[in-house]
Amino acid sequence: MQYPAIKLWSDANCYSPYVMSVYVALREKGLPFTLQPVDLAQQQQLSDDYAAISLTRRVPTLALNNILLSESSAITEYLEECFPAPDYERLYPRDREKRARARELQAWLRSDFMPLRQQRPTEVLFADKKYSPLTEEGRQSAAKLIEGAQRLLSAGQQNLFGEWSIADTDLAIMLNRLALHGDALPENLAEYAWFQWQRASVQLWLRESVKKG
Ligand SMILES: N[C@@H](CCC(=O)N[C@@H](CS)C(=O)NCC(=O)O)C(=O)O
C-alpha cells in the first residue's frame, strides 16, 4: 500500500503526553511516520522555523496531506477521518454518544488537573523520577481525577467504552502519574492503568522515551 509521508514533531526526550497520544494513534493505525525532535529546553519551539510549521508553537505537530496540524486531539480526530475503520484501527468509539464521551474526556484531561500535572510531571512515567508528597491542592486534583475515572469505569471494565479508544491511553497517562509514583490509587484504577500501559503502541512510545531521555 502507498502511504503519504507523515512527520510528527515531538519534544526531543519524548516525554510529552500529547505527543504520546498522537504517536500511539499513528501506531494503532499502522501508519509509517518519522519523528522530528524539537528541543524544548533550547526553546526551539519558539524559533521562526518552527513557527512556520506550527500554529501553536507547541508539540505535537503533524504533517500529513499538505496540512500542518497542532493540538493532539485535533490531530487524532483528523487521523481517524483520513484513515477510517474497518481498514484501520478505530481511535474513537463507533457509537456517537460514546464518541462524544471520549472527546469530553480528552478535553477534560487537557484542560484540568494542573496541580497534579505539575507535582507529578511525565518524568514519573518515562524517567522513573520521584517527587515530594502531594500538597493539599495536588491531593484535591488527584481526588477529582479518581472520582471521575471511577464513574467512567464503574463496571470494572478494562476499556472505557467497550473497545479500546485513544481516550483510554489519555486517561491511563493521567492515572499513571499517581500509580507509577506509588501514590494511593484504588486497585481497579491501578489495574486499568497497568492494563492500558501494556498495549503494544504504548510500549513502543516507552522505548522512544528511554532511548532519548
Ligand atoms: N493542548 C496541546 C498541549 C501541547 C503542549 O502543551 N505541548 C508542550 C509539551 S508537553 C509544549 O510544546 N510546550 C512548549 C511550550 O508551550 O512552549 C495538545 O494537546 O497538543
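**Spaces and strands in a predicted model**

Residues are numbered from 1 along each chain as its sequence is written, and side-chain values use heavy atoms, with hydrogens and water left out.

The largest cavity has a volume of about 90 Å³, a volume being the space filled by probe spheres set on the grid points, which are joined across faces, edges and corners. Its lining, meaning residues with an atom within 4 Å of a point, consists of P17, Y18, L109, R110, R117, D170, I173, M174 and R177. Which helix gives the largest share of that lining? It is α8, with four residues, although α1 (17-29) and α4, like α8, each supply at least two. Helices here are DSSP runs of H or I with at least four residues, strands are runs of E with at least two, and both are numbered from the N terminus. By class, the cavity lining divides into five nonpolar, no polar and four charged residues, counting Ala, Val, Leu, Ile, Met, Phe, Trp, Tyr, Cys and Pro as nonpolar, Asp, Glu, Lys and Arg as charged, and the others, Gly among them, as polar.

Staying with α8, this helix runs over residues 166-179 and spans 19 Å from its first C-alpha to its last, close to the 20 Å expected at 1.5 Å a residue, where the expected span is 1.5 Å times one less than the number of residues. Of the 14 residues in α8, 13 are buried, that is, under 20% relative accessible area with a 1.4 Å probe, protein chains only.

Now to the pockets, which are open sets of points with protein on both sides within 12 Å along at least five of seven lines. The largest pocket holds about 720 Å³ of space, and among its 27 lining residues those closest to the centre are S16, P17, Y18, L40 and V59. Its lining has 11 nonpolar, seven polar and nine charged residues. The second largest pocket, at about 220 Å³, is lined by residues including R101, W108, K144 and R151; α7 (136-152) and α4 (96-111) each supply at least two residues of that lining, and α7 gives the most, with five.

Finally, the sheet: four strands form an open, mixed sheet in the order β2-β1-β3-β4, strands being paired if DSSP finds at least two bridges between them. The edge strands, each pairing on one side only, are β2 (34-38) and β4. Strand β3 (residues 61-64) and strand β4 (residues 67-70) are antiparallel over four bridges, with L62 partnered by L69 and L64 by I67. These two strands make a hairpin with two residues between them, and N65 in the turn has a positive phi of about 50°.

Definitions and conventions. This is a predicted model: local features need pLDDT of at least 70, side-chain atom pairs count only at pLDDT 80 or more; totals for chains, interfaces and linings use all residues. On a 1 Å grid over the protein atoms alone, a cavity is a set of points where a 1.4 Å probe fits but cannot get out, and a pocket is an open set with protein on both sides within 12 Å along at least five of seven lines; lining residues have an atom within 4 Å of a point. Buried means under 20% relative accessible area, exposed over 50%, partly exposed in between (1.4 Å probe, protein chains only).
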